[in-house]
Amino acid sequence: MKPWNNKAWLFVLPVLVLVAFSAIIPLMTVVNYSVQDSFGNNEFYWVGLEWFQEVLASERFHNSLMRNLLFSGIILLIEIPLGIAVALAMPRRGWGVSVCLVLMALPLLIPWNVVGTIWQVFARVDIGLLGHTLAAMGVDYNYTQDTLDAWITLIVMDVWHWTSLVVLLCYSGLVSIPDAYYQAARIDGASRWAVFRYIQLPKMRRVLVIAVLLRFMDSFMIYTEPFVVTGGGPGNATTFLSIDLVQMAIGQFDLGPAAAMSLVYFLIILVISWVFYTVMTQQDNESVTDGRAGGGQ
Amino acid sequence: MARITLKNIAHSYDGGDSYALKAMSHEWLDGGAYALLGPSGCGKTTLLNIISGLLQPSEGQLLFDGVDVSQLPTEQRNIAQVFQFPVLYDTMTVAENLAFPLRNRRGADKLSAAEIASRVQQAIAMLGLEALAGRKARGLSADDKQKISLGRGLVRTDVNAILFDEPLTVIDPHLKWQLRTQLKQIHRQFGHTMIYVTHDQTEALTFADKVVVMLAGEVVQVGTPQQLFDTPQHTFVGKFIGSPGMNVLPCELAGNEAVVDGHHIALVREYPVLTGVMELGIRPEFVRLVGQGQGIPVQIISVEDVGRHRIARAQLNSHRLDIIVPEHQPLPSMPCVLFDSDRINIYQNSQLVGWDL
C-alpha cells in the first residue's frame, strides 16, 4: 500500500495561513462580537443570540434591506438587458473593436470614490454640468433634497460605471460563436430575433450567470458611491445596509449589534447568490439528463 | 429545384489584388449530383458560399433557372447548406432543430403545424434518428449532430439546391460510407440539385454523377468519374485522382513514339510537332512490371501492400514511377516496366493533347 504522505500539507500551508489571516480570523472575531455585549474597559458579557433577534426585528434593518433589494433589482433590470444590447451592437472585427473595448473598459478603471466624487460634482445644481443644465431647462432636480432624484442619480451613476462590465462579459460570449452558426441561421431563414434567441442567448448564458452574480453582489454591497454622493440621504432615503452598518459600528460604536447585522448581511448575499446560480444553471443540468421521448412539435 | 448558372463569376477577398476564384462560367443542371473536388484553399468553399449567397461575388452573375439572383439575400434563394462542422441549435430538441427552417417561413410560404410535423417525421425516418427525436441537441455525438445538420437541409423538400461543404469531415469512417449511400438514395428519390464540396476523391467519385475538379481558383476539368480516370485534362487532375495518382514523366515526341530519357515508348497514334513542356501521363494501373530484357529498367525503392494489390514505388532514372503489382506476382530481380500504349495520355504544358490535333 502507498504510504500516507503528509508532506503535501506543507504546500497548502501558505494558502491556509493567508486565508486564515484574511478571512477566517476576521470573520470569527465578528462572530465573537455578535454574541457578546461590552460596556467598555474591554469587558465582555455573553448575550447569546440577543443581538441577532434585535437586528432581525428592527425596522431600521428592514428598511435598509428593502432599499438594497430594490436598488439591486433595478440595477439588474437595467444593466443586464442594456449590457446585452450594447454587446450586440459592438463591431466584431476591424479597428472599431479595440476602440469600443477601450471605451468600455474606461469606467471600470476609475476608483469607486472617484466615481462618487465625479457624480457628486456633476449632478450639483449650483456648479455641476448635469444639475445646472437640468435646472436651466426648468427641470426641478435636486438630489440632495428629493428622494427620487437621489435614487435616479445613484442608479444612473451605477449604470454608467458598471454596464460596461456586463457588455465586456457578453461580448466575450458573442465573439466565441463561430461564423458557421450565423451562416446556418441565414440558410434556415431565421429572423434577427430567432438568431438572438436560439444562437446568441444560449451561447451567452454562461457569461450572463457571472454577470448577474457579480452585479448583484456588488450592487448589494454598494457603499462608497452613495456615501460620497448622498451620504445616505436625503433623510435615510439612500441608506443601504452597508451605510447603515458603518453608522452602527463606527458612528454609534454598537459593536455587538453591528457584528450580528454584518453576519446576517453576509448570509443574505450568500443565499441570494446561491438562488441566482441555481436557477440560472438549472437548464444546463436539465438538458444533459433530459432523455424524454416524443416529438418537439 | 433549379438549374444554376454561373456567368463570369469571380471573387477576390482583398479588393482585386488576388482572386480566390478566377472568372468562371459553369452550369449545374437541374437534379444533378455534383462534387466539387480540389485541394484545400482552391476556392471550393468560396464558390459554394457564392451560390448560397453567404458571399457576394466581386464579379459576375448567378442565375437560378435563368433568373438573376445575384442580388438576393440568402434567405430568399431557398438553398440548403450543410457545413463542415455540425451547427445545431443547442437549446432545441432534435425534432425542433429539424422543424426550425420550416417554422421560419412567413407569408405565402408559411406551413401549417401538421405539415411541419409530417415533414420532420419524414426527415427523422430518412436519417434513422427516431430514437433521438425528443432529446436536446446538446450532448449528442458528432455523428448524430452532423446527421441532424444534414436533416435540416433535407427537410426542405422544395429547395433550389442542397450544398454540402465537406460534411463528412467529423464523421467516423465506417459511418461515412453509410451516410454517403443515404445521400445518394435521397438524391435518387427526390432529385434535388446537389453540390458536394470535398477534398477526398473517394467521396467525390462515389457521390457524384459529375465531378468538378478545381485548382487555384479555376475549374480544370468537369467530367464523370470515368472520364477523370481515363482522360485527365490536366496533369493535376491525373495526379489528384487515383491512389496513387497518375505518373507524369517528361518526354519528347517522335512520330508515334514518346521518348523518355532515351527510352522509346510506343503510342497508339502519331502526334504533330508540338512546342512547350511535353509530358507523358500513365496511371500506375497500366504500368506492368516485367523481368529483364523487355522494357525500361527501373529501380524499386519500396513496396506497399494495400491488401488487394501492392504499390511499388520505383525510380526511372531520376523520375518517380508508381506501379501497381498484383498480389501474387513475384518481384523480378532486374525489374523493367512496360506501358499500355492505349492508356498513355500526352500533355502539353500540363494540358491534355486532344485527339483533334
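Trainee: How are residues, chains and ligands labelled, and which pLDDT do local features need?

Mentor: Residues are numbered from 1 along each chain as its sequence is written, while chains are lettered from A and ligands numbered from 1 in the order in which they are written. In this predicted model, totals for chains, interfaces and linings use all residues, side-chain atom pairs count only at pLDDT 80 or more, and local features need pLDDT of at least 70.

Trainee: What is the mean pLDDT of chain B?

Mentor: The term pLDDT denotes the predictor's confidence in each residue, from 0 to 100. The model as a whole scores ipTM 0.77 and pTM 0.75. In chain B, 99% of the residues reach 70 or more, and the mean pLDDT is 83.

Trainee: Into which domains is chain A divided, and what distance separates their centres?

Mentor: The bounds come from an automatic or database domain assignment. Domain 1 of chain A comprises 26–57 + 240–281, and domain 2 comprises 68–239. Taken over C-alpha atoms, the distance between their centres is 30 Å.

Trainee: Which element supplies the largest share of the side of domain 1 of chain A that touches domain 2 of chain A?

Mentor: Two residues are in contact if their C-beta atoms, placed from the backbone, lie within 7 Å; by this criterion 12 residues of domain 1 of chain A meet 16 residues of domain 2 of chain A. Helices (H or I, at least four residues) and strands (E, at least two) are DSSP runs, numbered from the N terminus. On the domain 1 side, α11 (241–251) and α12 (255–289) of chain A each supply at least two residues. The largest share, 7 residues, comes from α12(A).

Trainee: Which element of chain A gives the largest share of the side that touches chain B?

Mentor: The contact takes 24 residues from chain A and 32 residues from chain B. On the chain A side, two or more residues come from each of α8 (179–187), α9 (192–220) and α12. The largest share, 6 residues, belongs to α8(A).

Trainee: How many nonpolar residues has the side of chain A that touches chain B?

Mentor: Ala, Val, Leu, Ile, Met, Phe, Trp, Tyr, Cys and Pro count as nonpolar, Asp, Glu, Lys and Arg as charged, and the others, Gly among them, as polar. By class, this side has 9 polar and 4 charged residues, and the nonpolar residues number 11.

Trainee: What percentage of the residues of chain B count as buried?

Mentor: Chain B has 9 helices and 23 strands, and its C-alpha trace spans about 75 × 45 × 35 Å along its principal axes. A residue is buried if 20 or more other C-beta atoms lie within 10 Å of its own, exposed if 12 or fewer, and partly exposed in between, with C-beta atoms placed from the backbone. Of the 357 residues of chain B, the buried part is 41%.

Trainee: Why does Ala161(B) count as buried?

Mentor: Ala161(B) is found in strand β7 (residues 161–165) of chain B. Apart from neighbours within four places in sequence, its contacts include Ala2(B), Ile79(B) and His192(B). Ala161(B) counts as buried because its C-beta neighbours inside 10 Å number 26.

Trainee: To which strands is β15(B) joined by bridges?

Mentor: Strand β15 (residues 278–282) of chain B is mostly covered, with 4 of its 5 residues buried. Two strands pair if DSSP finds at least two bridges between them. In one antiparallel pairing, 4 bridges link β15(B) with β11 (residues 247–250) of chain B, and Asn247(B) has Ile282(B) as its bridge partner.

Trainee: Which strands stand at the edges of the open sheet of 3 strands in chain B?

Mentor: The sheet has the order β16-β21-β17, with antiparallel pairing. Each edge strand has a single partner strand, so one side of each is left without a neighbour in the sheet. The edge strands are β16 (287–290) and β17 (296–297) of chain B.
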